[in-house]
Amino acid sequence: MTNGRWIFLSALALIDALTVGRAAAQGAETVQDMLAAQIRSQGFTCDKALGATKDTARSRADHAVWVLRCSNASYRVSRAPDMAAKVEPLR
């Protein structure tokens, strides 16, 4: 391959990688949406996720605890890698 052709193909690959990265960032879900989807998959009801805040007092390394506010309820969601979330309805 000539140097000009190599540079051209490298530039195309870089442009393609940047385009894919930008599209992924634009389609990224928020934390509240991900938490709502997870608790729904575990049988809890979350009609519309309104917000999620991290509970830093209860969180540890590899064990995040979030308070998820939905339009119909609030939940404390504890997440650890490779495990189902522990979901506690709050009043």
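Here's a short tour, from the whole chain down to one pair of residues.

Before you select anything, note that this is a predicted model: local features need pLDDT of at least 70, side-chain atom pairs count only at pLDDT 80 or more, and totals for chains, interfaces and linings use all residues. Residues are numbered from 1 along each chain as its sequence is written, and side-chain values use heavy atoms, with hydrogens and water left out.

**Stop 1: the cartoon.** Colour by secondary structure and you'll find two helices and four strands, running α-α-β-β-β-β along the sequence. Helices (H or I, at least four residues) and strands (E, at least two) are DSSP runs, numbered from the N terminus.

**Stop 2: the surface.** Of the 91 residues, 22% count as buried, meaning under 20% relative accessible area (1.4 Å probe, protein chains only).

Stop 3: Cys46 is in the loop between helix H2 (31-41) and strand E1 (49-54), and Cys70 is in strand E2 (residues 64-70), so the bond ties together parts 24 residues apart in sequence. Check the torsion about S-S too: at -95°, the link is left-handed.

**Stop 4: the cover.** Are these two cysteines buried or exposed? Cys46 is buried at 3% relative accessible area, and Cys70 is buried at 6%.

Key
A disulfide is a pair of cysteine sulfur atoms within 2.5 Å. Buried means under 20% relative accessible area, exposed over 50%, partly exposed in between (1.4 Å probe, protein chains only).
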